[in-house]
Amino acid sequence: DALYGLVALQWDYSLKLMYSISIVGGDDIVDSDRGRYLNDGSLQSCGDPTHSSSIYCTFEMYLVNDMERALGLTPGQFVVLFIKEADRHSVIVSFRLLPEMSLKGSGQDT
């Protein structure tokens, strides 16, 4: 918002958190030749009631709540896309900040 001195040039960002991926993802971790990661955010699997009580979904719920409150966002504006292991003791969380107008059904996204 230019009135508050903040201009977002893009919607997608990442943040490094000092959590082991096993603490964040539990049994949902995918091991591949490119590293360990969690893809539940982009799959929106936490919306499924059978999966919403998983370790990952609990982590995502707290992260989204904390970030929306800290940044003064409307519920639904902070969306976790992807989490990958940075090293043994940290993860990189990729997320998207949605414009408020796209949540209301106005603007070019509708």
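First, the housekeeping: the model is predicted, so local features need pLDDT of at least 70 and side-chain atom pairs count only at pLDDT 80 or more, while totals for chains, interfaces and linings use all residues. Residues are numbered from 1 along each chain as its sequence is written, and side-chain values use heavy atoms, with hydrogens and water left out.

Okay, salt bridges, meaning a side-chain nitrogen of Lys or Arg within 4 Å of a carboxyl oxygen of Asp or Glu. By that rule we get four. One of them is arginine 96 with aspartate 12, with the closest N and O atoms 2.5 Å apart. That pair links distant parts of the chain, strand β5 and strand β1, 84 residues apart. Strands here are DSSP runs of E, at least two residues, and helices are runs of H or I, at least four, numbered from the N terminus.

Then there's lysine 16 with aspartate 87, at 3.9 Å. Lysine 16 sits in strand β1 and aspartate 87 in strand β4, so this pair ties together parts 71 residues apart in sequence.

Arginine 36 bridges to aspartate 31, also listed at 3.9 Å, and shared partners join Asp31, Arg36 and Glu85 into one network.

Now, which residue is buried yet has no salt bridge? That's glutamate 60, over in helix α3. Buried means under 20% relative accessible area, exposed over 50%, partly exposed in between, using a 1.4 Å probe and protein chains only. The nearest side chain of opposite charge is arginine 96, 13 Å away; Lys and Arg count as positive, Asp and Glu as negative, and His and the chain ends aren't counted.
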